[in-house]
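Trainee: I'm new to this one. Could you show me how to read a few of its features?

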Amino acid sequence: MDDLKEIIKNYVINEYLEPDSDPIDYDTPLISGGIVDSFSMVSLKRFLENRYNIQIPDDQATPEAFDSVNKIADLVRRFVKA
Amino acid sequence: MTHFGNYEDRARNFSWAISEQELGYRPGQVINIGWYCSDRICQQGKADKVALIWEGFTGEKKIFTYNDIRLYSNTFAKFINDLGIKAGERVCLFMDRVPELYIGFLGILKTGCIVQPLFSAFGEESLFVRLENAETTAIFTQKKHVSKVRKIRDKLPHLKYIIIVDYDGKTPLQEREVAFSMEKSEKVEHYEIYPTYAETPSVLHYTSGTTGMPKGVQHVHYSLISQYITAKWVLDLHDDDIYWCTADPGWVTGTSYGIIGPFSLGVTQCVLDSGFSAEAWYRFIEKNRVTVWYSAPTAIRSLMKAGDEIIKKFDLSSLRHLASVGEPLNPEAVNWSIRVFGKPFHDTYWQTETGCIVITNFPGMPVKPGSMGRPFPGITATILNPGNHEPYPEPGRIGLIGLKPGWPSMMRTYWNNEEAYKNKFRNGWYLTGDRARMDKDGYIWFVGRDDDVINTGGHLVSPFEVESALLEHPAVAESAVVSKPDPINMEVVKAFVTVKPGFTASKDLELDIMNFIRKKLSPLAMPQEIEFVDSLPKTRSGKIMRRILHAKEWGEEIGDTSTLENE
């Protein structure tokens with residue numbers, strides 16, 4: 001799980017950012033910053049569930065919980081540990 | 001006191017001339033939306049009044065007065081003229097909700113060009129088909145979106161200019177690219193506005209249908225007459241209001257009521273260029289003391305999901321009038337808003353093709369939760385028998401919503417597709433494609449679409465377009481796309497897929513296909529679920545029977561299957 005944040009960040013860069021976009025870090029706002037919209041969040045959630053073999057309940061997959069790499073990593077850790 | 005007053009009085013005495021007179025327009029005169037929304041307001045003595053309060057997701061804030069938007073829209077217009085672009089040519093806006101989008105819209109209209117706003121989340125294929133169809137001459141965009149344009153520019157011979165509004169010089173401009181900075185350019189005090197008339201084309205919005213590619217809905221400058229008076233009476237906009245329309249101008253709500261309506265009334269409006277977050281939205285309302293809020297059921301349901309506790313953290317007492325658009329507003333959402341805000345959301349019904357609100361719950365009138373309300377005065381709406389397209393004589397029958405054409409903001413045609421336009425009319429009625437019933441009080445209740453078009457989060461998605469794109473994925477042999485119920489977005493896209501030999505259905509393949517469609521078309525069109533099947537239900541002639549899959553998703557009766565291939 002050490003590289004969790006890096007994996008999420010790279011996935012966001014590869015899947016949701018255009019080539020000339022500004023770089024992102026672990027705290028860059030993803031949802032409120034318009035990088036990932038509420039529809040696209042479904043594919044990001046699906047990626048995390050596939051990759052870590054977890055199920056994130058819809059009521060916890062909120063825009064706030066997905067708003068940065070750090071927040072997503074916290075969310076994933078909760079389910080991987082559980 | 002509402003602007004609207006009593007329904008029966010308004011309906012009895014209504015004439016579109018009321019709007020014409022308030023705007024100082026006389027038939028036959030020049031009418032230009034860009035002028036009405038900026039220069040005219042300045043001439044009324046409101047040059048220093050705040051027109052636009054803009055806030056970005058980082059908290060950056062910009063404020064523009066009516067004189068600012070007059071000058072900056074002039075600056076846009078002169079820049080377009082200097083490029084040699086002529087009246088009637090199509091100029092696209094492909095941007096996030098930045099100030100240049102709102103002001104550039106008016107600037108393009110001042111030149112007599114047709115403005116073509118497109119949703120900035122569109123992928124390159126969605127962008128391409130719309131620019132190709134409109135034979136667009138120029139596109140204004142941001143550096144974050146320009147790579148999508150670069151991917152398709154070689155297939156677009158009509159596209160002469162790709163104009164980047166936030167070019168920073170870090171990488172060289174490429175073929176056909178031009179930099180333009182609205183705020184750094186020399187302000188243009190005097191600009192001779194192109195003399196557009198009532199029937200001069202103004203705005204080209206694209207909308208999806210069941211079959212074929214998206215259609216360009218062409219509006220004219222006279223649409224202002226409808227948009228002005230409906231913004232005033234339905235949204236109840238007063239001179240001292242602070243108005244927030246949450247819609248993106250890539251869609252018709254964002255232009256009719258996010259630009260034309262409020263600016264032609266000289267109202268102060270605010271824009272939040274940020275993704276959705278309940279806390280950010282409530283904070284925005286509190287900070288700007290928003291009084292009139294026009295949003296969408298999907299957003300309202302997302303706010304409901306965020307819970308009531310969060311609302312208590314904010315002072316939302318400034319809110320005076322709430323309205324909703326995009327899809328039917330469920331009664332629970334209306335009752336929730338009464339409970340938490342002390343006032344109901346008023347549902348409004350209209351379409352890209354209608355250009356303005358045509359059926360609505362009016363301010364000051366009782367709201368029937370779950371109903372779209374009553375026809376706007378000047379709009380004749382009825383429920384048509386689907387068999388003969390005659391109005392049902394009695395209330396309570398479910399049929400097609402038909403509108404008598406002739407109001408100012410009715411579309412004039414589909415761009416380069418007169419045949420599709422003519423197909424929208426039967427017996428002298430415009431067919432909305434929606435099914436509904438009317439109760440004995442004249443309120444209309446939405447029942448469903450009359451076709452396969454998917455309304456997700458208030459945006460129409462064509463199953464045909466998604467199916468076509470799916471077939472371009474290397475693993476997909478056949479596909480069928482339908483809607484499935486969703487608690488937030490009302491319905492979302494679901495795809496049924498058979499895979500080609502050599503490919504195996506898996507979760508990773510599902511995700512790969514989802515992302516393929518998201519990037520190619522848009523996040524809205526991305527299937528939220530893909531079901532891999534061995535075969536798709538087809539008629540004996542080989543046509544995929546979407547209705548069987550749709551019925552299965554919605555728990556409905558499958559109906560007649562006598563034409564099914566394997567029955």
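This is a predicted model: local features need pLDDT of at least 70, side-chain atom pairs count only at pLDDT 80 or more; totals for chains, interfaces and linings use all residues.

Trainee: Where does Tyr443(B) lie?

Mentor: Look in the loop joining strand S21 (429-438) and strand S22 (444-449) of chain B.

Trainee: Does Tyr443(B) count as buried or exposed, and why?

Mentor: A residue is buried if 20 or more other C-beta atoms lie within 10 Å of its own, exposed if 12 or fewer, and partly exposed in between, with C-beta atoms placed from the backbone. Tyr443(B) counts as buried because it has 21 C-beta neighbours inside 10 Å.

Trainee: And what does Tyr443(B) touch?

Mentor: Contact means that the C-beta atoms of two residues, placed from the backbone, lie within 7 Å. Leaving out residues up to four places away in sequence, Tyr443(B) touches Lys368(B), Ser371(B), Gly373(B), Arg374(B) and Met438(B).

Trainee: Next, helices. Which residues of helix H13 (residues 331-341) of chain B are buried?

Mentor: An α-helix has 3.6 residues a turn, so residues three or four places apart point the same way. In H13(B) the buried ones are Ala333(B), Val334(B) and Ser337(B). Down the axis they fall within an arc of 100° (taken from the directions from the helix axis to the C-beta atoms), so they line one face of the helix. Their cover includes helix H12 (297-306), strand S13 (321-324) and strand S14 (345-349) of chain B.

Trainee: What follows H13(B)?

Mentor: Gly342(B), with a positive phi near 80°.

Trainee: How many residues of chain B are in contact with chain A?

Mentor: In general, the size of an interface is often given as the accessible area lost when the parts come together. Here we count residues: 25 of chain B are in contact with 22 of chain A. On the chain B side, helix H8 (146-152) and helix H16 (507-520) each supply at least two residues. The largest share, 6 residues, comes from H16(B).

Note on methods: Residues are numbered from 1 along each chain as its sequence is written. Chains are lettered from A and ligands numbered from 1 in the order in which they are written. Helices (H or I, at least four residues) and strands (E, at least two) are DSSP runs, numbered from the N terminus.
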